[in-house]
Amino acid sequence: MSSMTRRYVLKMGVLTAASAAVTQVRAPGLVHAQSKQLTVCSWGGAYQEAQRKTMFQPFETETGIKIVEASPTDYGKLKAMVQSGNVEWDLVDVGDLNVIAGTKDNLLEPLDYQTIDTKGVFPQVVHKYGIGTIYYSTVLAYSTKKYAKGDHPKTWAQFWDTKAFPGPRTMRNNPADNLEFALLADDVPMDRIYPMDVERAFRSMDRIKKQINPWWTTGAQPAQLLSDGEVELATSWSGRIFAIQKQGAKAALEWNQGKLQWDSWVIPRGSRNKDGAMKFIAWSTQPKPQAAIANEIPYGPVNQKAFELISAQAAKDMPTAPENAKRQLMVDPVWWGEHRNALVERWNAWLLK
Amino acid sequence: MPALAWLGIVFVYPLGRLLSASLFTPTLSLASYARLLGSSIYLTVFVNTFEIGATVTMLALALGYPLAFVLATAGPRVSRLMLAAVIVPLWTSVLVRTYAWMVLLGRRGLVNEGLQSWGLLDAPLPLLYNRLGVTIGMVHVLLPFMVLPIYSVMKGIDTDLLKAAQNLGANRRQAFLRVYVPLSLSGLATGSLLVFVSALGFFVTPALLGGRRDMMIAMLIDNQISQLLDWGLGSALAVVLFAITAGLLLAVQRFTRAERLWARIP
């Protein structure tokens, strides 16, 4: 080992030697100091604030494990950390597709379901390498200035119908969500969306393509465009619409034919505080913290027992409230995990045409 | 020597890593490059990127050159004030400046509402989410990089030369074009290069102000690196962008050297 190190050093020059030496000196001290410290990376913004208030701080008080926050989640960074062996994040809040992708790329630690009690947790969010944090929805959103509640488009077929519902509209610059909506607009029944008929979906997208401008890239955009009056119809994440309603924007959403999805906690392979991360996951998926976060920000708890602790008034804005959930499509992350990369490439080509 | 070592560490080493990431996927192969050539998207996006870069550079030059001239020839107080006006936007985040354009250029933005309320327009003009929006936003962000190098060169030009030329029978236009402009060419070349090369790597502005056809290469690289985790293709795109840019720079450098030589001959 030492002769290999020496040869390697000679080859790679002074820089590598210096950094290797630093790592060797620092590592033992760090491991010791960090056993009581947990670095959590999430998406920032109002969502992470809610996590801080209802999860990070109470967890710290209860267990004495100090939580250090990072943001925003970046899959590229996660991969770089694991591959370079310098894993700074112990726990990361990722989108459902990246549990599948991360598993495939061998970037994640398997979860310890001896420690984590999944009683009450919706089975679809329980995965060997990740477990749900919250549910969210991508939905049809509209300007209430233009459409009185009740007169707004309630299906994707109506969203596609630019004669009956004219006006500028925006959709996400991503095949995810849009291809499902395109099939729904083409009258494919909700329970027959997956596996998706991609050809049919793109043909349906062809019909709406020219009416969409802009194609949004960040979650804040559709909400902003709606409240500025730049667009009158949009696809948007449900929580964002409630956030701008609070600020007085004239916008609302339609749950019908929305797409339910979830975020997951994952532990990067080589995390310095795997046990702490596991403890946090076990704690945070329980009904009480799940109810607390859903009360703070209208996303859906992943533990169905949390609804017993949520007021009926608050529950009606949540994507997983039974009334809302039954009118929505549930994402199939496994299907997307297999097809995403090819579809993104096709999507980009389609947009440029 | 320490400077060379420093350059080696901060430039050559990362570039080497980039190159190896594009070649080892995970074993040595040209698969990423083959994919890049095999699909028309990447070519279209490269063409987009260079088109936008060239347009932005020309517009920045058209606006920046006269501005730099006024700056260099105005009195000290005016010039100091104007210089501050050029530099202050550099301290504001690109994101903020980009959002400001959204407020101005939108369908319900200041420009469209203003023109409509004066009866000059019936329907809002499409100023945003198209090539025009991207161009306006990028010219705004990059203008200081054009103005400053030209200004610094112009500051060193002796304006008595213009008077001398006029004394020798040149009219004002001739004196400006044949004496002043050639002397300012090195600033012009530096400014144009800075703007062009920075424009090639733009990400935020085209992503927020552009339409579906205005995809630039940096957006595609981000897509591959941080969303699809396809580092092979992402790195290959970056390597190709780097190679084309470096090639262009070398060619331009040759060209401007010849230009300067030519300029010195009366």
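User: How close do the axes of helix 3 and helix 9 of chain B come, and at roughly what angle do they cross?
Analyst: Keep in mind that this is a predicted model. Helix 3 covers residues 40-73 of chain B, and helix 9 covers residues 172-200. Their axes come within 9 Å, and the crossing angle is roughly 145 degrees.

User: Is the crossing of those two helices, helix 3 and helix 9 of chain B, left-handed or right-handed?
Analyst: Picture helix 3 and helix 9 of chain B with their axes crossing at roughly 145 degrees. The handedness of this crossing is right-handed.

User: Which residues of helix 9 of chain B does helix 3 of chain B meet?
Analyst: Start on the helix 3 side, where the residues include Thr49(B), Gly53(B), Ala60(B) and Tyr65(B). Across from them, helix 9 of chain B brings in Leu188(B), Gly191(B), Ser192(B), Val195(B), Phe196(B), Ala199(B) and Leu200(B).

User: How many charged residues are in the contact of helix 3 with helix 9 of chain B?
Analyst: Let's sort the contact by class. Ten of its residues are nonpolar and six are polar. For charged residues in this contact of helix 3 with helix 9 of chain B, the count is none.

User: What pattern does chain B follow along its sequence?
Analyst: Chain B has twelve helices and zero strands. Reading along the sequence, you get α-α-α-α-α-α-α-α-α-α-α-α.

User: What percentage of the residues of chain B count as buried?
Analyst: First, some scale: the C-alpha atoms of chain B fill a box of roughly 70 × 60 × 30 Å along the principal axes. Chain B has 266 residues, and the share that counts as buried is 33%.

User: Which helix of chain A gives the largest share of the side that touches chain B?
Analyst: The contact takes 22 residues from chain A and 21 from chain B. On the chain A side, helix 4 (75-84), strand 7 (212-216) and helix 15 (333-352) each supply at least two residues. The largest share, seven residues, comes from helix 15 of chain A.

User: How far apart are the centres of domain 1 and domain 2 of chain A?
Analyst: Chain A is divided into domain 1 (2-134 + 263-318) and domain 2 (136-261 + 327-352). Taken over C-alpha atoms, their centres are separated by 30 Å.

User: And which helix gives the most to the side of domain 1 of chain A that touches domain 2?
Analyst: The contact takes eleven residues from domain 1 of chain A and eleven from domain 2. By class, the domain 1 side has nine nonpolar, no polar and two charged residues. Giving the most to that side, with five residues, is helix 5 (residues 96-104) of chain A.

How values were computed: Residues are numbered from 1 along each chain as its sequence is written. Chains are lettered from A and ligands numbered from 1 in the order in which they are written. This is a predicted model: local features need pLDDT of at least 70, side-chain atom pairs count only at pLDDT 80 or more; totals for chains, interfaces and linings use all residues. Two residues are in contact if their C-beta atoms, placed from the backbone, lie within 7 Å. Helices (H or I, at least four residues) and strands (E, at least two) are DSSP runs, numbered from the N terminus. Domain bounds come from an automatic or database domain assignment. Ala, Val, Leu, Ile, Met, Phe, Trp, Tyr, Cys and Pro count as nonpolar, Asp, Glu, Lys and Arg as charged, and the others, Gly among them, as polar. A residue is buried if 20 or more other C-beta atoms lie within 10 Å of its own, exposed if 12 or fewer, and partly exposed in between; C-beta atoms are placed from the backbone. Axes are lines fitted to C-alpha atoms, for helices over the stretch in contact, and angles run from 0 to 180 degrees between N-to-C directions. A crossing is left-handed if the near helix is turned anticlockwise from the far one by less than a right angle, and right-handed if clockwise.
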